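Please look over the structure below before reading on. The briefing after it goes from the overall fold to single residues.

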Amino acid sequence: MGVTDLGMISQVPKPMRFILNWGRRYSLWVFNFGLACCAIEFIATSMSRHDFIRLGVIPFAPSPRQADLMVVSGTVTDKMAPAVQRLYEQMPEPKYVISFGACSNCGGPYWDSYCVTKGVDQLIPVDVYIPGCPPRPEALLHGIMKLQAKIGDEDWATRGSPEYPAFERVPDGS
């Protein structure tokens, strides 16, 4: 029986939860699922000028099986929806999702197309939404810091319950 089993979670002392949450919030491995133009913006943002590593975020995990955070950027089509779900299911718990850009948030300018999923949150649970077309680099940094704050305050026993909101909107940086 591990520490993450539900029976043991309620027995973990508060100082130990603080230390474990601190470790998880400053060691996020990111799996970028880039589908369109926002994927290029994510790659450019995560390079040297904005330096995600100083925040404890490793920008490119080798596979979803080694990632804590999935960043979905770009238009999610109905044809790609099963791939998004499959890759999300391959991630180990605890796992987090950031929806990056208007297309992944709600379909963007293609929302009325017959083949576009009207937001990635129809497929998988999203923790942080970052608006914009494309979002500014500062908005992505702000979204990651919001997610880190959420991880730091997280109570494992209530994650995903109705009392614990599954998402947070980040203000538009433009």
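The notes that follow are grouped by topic.

This is a predicted model. The protein has six helices and six strands, and 45% of its 174 residues count as buried.

**Overall layout**

- Read from the N terminus, the order of the elements is α-α-β-α-β-β-α-β-α-β-α-β.
- Take the contacts in the protein between residues at least 6 apart in sequence: 76% of them join residues at least 24 apart.

**The nonpolar cores**

- The largest nonpolar core holds 20 residues, and L69, I98 and L147 touch the most other members.
- Leaving aside residues up to four places away in sequence, I98 touches L69, M70, V71, V72, V128, I130, G143, I144 and L147.
- Another core, of 17 residues, lies apart from this one, and its members include A61, V84, V97 and V126.

**The annotated binding site**

- An unreviewed UniProt entry places the feature "binding site" at C37, C38, C103 and C133.
- These positions span 97 residues in sequence, but no two of their C-alpha atoms are more than 9.6 Å apart, so they gather at one spot.
- C37 is found in helix 3, and C38 has its place in helix 3 as well.
- Is C37 buried or exposed? C37 has a relative accessible area of 54%, so it is exposed, the cut-off for exposed being over 50%.
- C38 has a relative accessible area of 3%, so it counts as buried, the cut-off for buried being under 20%.
- Not counting residues up to four places away in sequence, C38 touches S73, G74, F100, G101, P134 and P135.

- N105 lies in helix 5, which covers residues 102-106.
- Because its relative accessibility is 14%, N105 counts as buried.
- Which backbone oxygen does the side chain of N105 reach? The side chain of N105 reaches the backbone oxygen of I130, at 3.2 Å.
- With residues up to four places away in sequence left out, N105 touches S99, F100, K118, G119, D121, Y129, I130 and P131.
- I130 is also among the residues that I98 touches.

**Aromatic rings**

- The count of aromatic pairs comes to zero by the rule applied here.
- K95 lies over the face of Y88, at 4.2 Å from the ring centre.

**The annotated transmembrane region**

- The unreviewed UniProt entry gives the annotation "transmembrane region" to residues 26-44.
- In the model, the span of residues 26-44 is 42% helix and 37% strand.

Terms used
Residues are numbered from 1 along each chain as its sequence is written. This is a predicted model: local features need pLDDT of at least 70, side-chain atom pairs count only at pLDDT 80 or more; totals for chains, interfaces and linings use all residues. Side-chain values use heavy atoms; hydrogens and water are left out. A nonpolar core is a set of buried Ala, Val, Leu, Ile, Met, Phe, Trp, Tyr and Cys residues joined through side-chain atoms within 4.5 Å. Buried means under 20% relative accessible area, exposed over 50%, partly exposed in between (1.4 Å probe, protein chains only). Contact means heavy atoms within 4.5 Å. Helices (H or I, at least four residues) and strands (E, at least two) are DSSP runs, numbered from the N terminus. A polar contact is a pair of N or O atoms within 3.5 Å; within protein, one must be able to donate a hydrogen and the other to accept it, and residues adjacent in sequence count only if both atoms are side-chain atoms. Rings of Phe, Tyr and Trp (its six-membered ring) pair if their centres lie within 6.5 Å; planes under 30 degrees apart count as stacked, over 60 as edge-to-face and the rest as tilted. A charge sits over a ring if NZ of Lys or CZ of Arg is within 6 Å of the ring centre and within 35 degrees of the ring normal. UniProt positions are given in the numbering used here, feature names are shortened, and annotations may be inferred rather than shown by experiment.
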